[in-house]
Amino acid sequence: SKKFSYSRRQLIRIIESCTGQTFSLLLTKLLMERAARMLLTGAASMEQTSAEVGYANVGGFYRAFTRCYGCTPGAYRAALTTGSEMKTGSI
């Protein structure tokens with residue numbers, strides 16, 4: 001917000017009016033897309049992935065990921081390794 005010389009609240013209103021979605025929903029989608037990419041590489045544990053995208057609580061990460069992708073992060077990773085199709089972020 002400082003970069004664009006807007007208050008935080010003003011910038012949130014602009015983003016919401018342009019996208020039609022709340023700022024927190026957009027942020028969650030971005031975080032879950034990042035988590036999905038991390039799961040694709042398979043290098044990080046679920047705890048590491050959770051912390052990397054900003055969740056202090058793994059349970060909160062699991063709930064957000066499941067809401068977005070319709071399955072747990074573990075099921076998503078397993079489907080990626082077996083080649084099954086998963087739906088993309090649909091929060």
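Let me begin with a term: a residue is called buried when its relative accessible area is under 20%, exposed when that area is over 50%, and partly exposed in between, with a 1.4 Å probe and protein chains only. What we have here is a predicted model, in which local features need pLDDT of at least 70 and side-chain atom pairs count only at pLDDT 80 or more, while totals for chains, interfaces and linings use all residues. Residues are numbered from 1 along each chain as its sequence is written, and side-chain values use heavy atoms, with hydrogens and water left out.

First, the overall picture. The protein chain has five helices and zero strands, where helices are DSSP runs of H or I with at least four residues, strands are runs of E with at least two, and both are numbered from the N terminus. Read along the sequence, that gives the pattern α-α-α-α-α, and the C-alpha trace spans about 45 × 25 × 20 Å along its principal axes. Of the 91 residues in the chain, 29% are buried. If contact is taken to mean heavy atoms within 4.5 Å, then among the contacts with a separation of 6 or more, 35% are between residues 24 or more positions apart.

In the segment before helix 1 we find Ser 5, whose phi is near 60 degrees, a positive value in a residue other than glycine; Ser 5 counts as exposed, because its relative accessibility is 65%. Helix 1 covers residues 8-19 and includes Thr 19, which is partly exposed at 41% relative accessibility. The side chain of Thr 19 reaches the backbone oxygen of Ile 15 at 2.9 Å, and a polar atom of that Thr 19 side chain lies 3.2 Å from the backbone nitrogen of Gln 21. For polar contacts the rule is a pair of N or O atoms within 3.5 Å, where within protein one must be able to donate a hydrogen and the other to accept it, and residues adjacent in sequence count only if both atoms are side-chain atoms.

Now to helix 2, residues 23-41, where the geometry can be checked against expectation. The expected span is 1.5 Å times one less than the number of residues, so the 19 residues of helix 2 should span 27 Å, and the end C-alpha atoms are 28 Å apart, which agrees. Which residues of helix 2 are buried? They are Leu 26, Thr 28, Lys 29, Met 32, Ala 35, Ala 36, Met 38 and Leu 39. The buried residues of helix 2 pack against helix 1, helix 3 (46-52), helix 4 (58-69) and helix 5 (73-82). Just after helix 2, Gly 42 takes a positive phi of about 75 degrees.

Helix 3 holds Thr 49, which is buried, with a relative accessible area of 0%. Leaving aside residues up to four places away in sequence, Thr 49 touches Ala 35, Met 38, Leu 39, Ala 44 and Phe 61.

What links helix 2 and helix 3 through charged side chains? A search of the whole structure finds one salt bridge, meaning a side-chain nitrogen of Lys or Arg within 4 Å of a carboxyl oxygen of Asp or Glu. The side chains of Arg 34 and Glu 52 form that salt bridge, at 2.7 Å from N to O. Arg 34 lies in helix 2 and Glu 52 in helix 3, so the pair ties together parts that are 18 residues apart in sequence. Arg 34 is partly exposed at 33% relative accessibility, and Glu 52 is partly exposed as well, with a relative accessible area of 43%.

Turning to the nonpolar core, this is a set of buried Ala, Val, Leu, Ile, Met, Phe, Trp, Tyr and Cys residues joined through side-chain atoms within 4.5 Å. The largest one has 15 residues, of which Met 32, Phe 61, Phe 65, Tyr 69 and Tyr 76 touch the most other members. Helix 2 and helix 4 are the elements that give two or more residues to this core. Tyr 76 sits in helix 5 and is buried, with a relative accessible area of 10%. Tyr 76 and Gly 42 are 34 residues apart in sequence and 11 Å apart in space, C-alpha to C-alpha.

Last, the cysteines. With a disulfide taken as a pair of cysteine sulfur atoms within 2.5 Å, the count comes to zero. Cys 71 is in no disulfide, and the nearest cysteine sulfur, that of Cys 68, is 9.6 Å away. Cys 71 counts as buried at 11% relative accessibility, whereas Cys 18 is exposed, with a relative accessible area of 64%.
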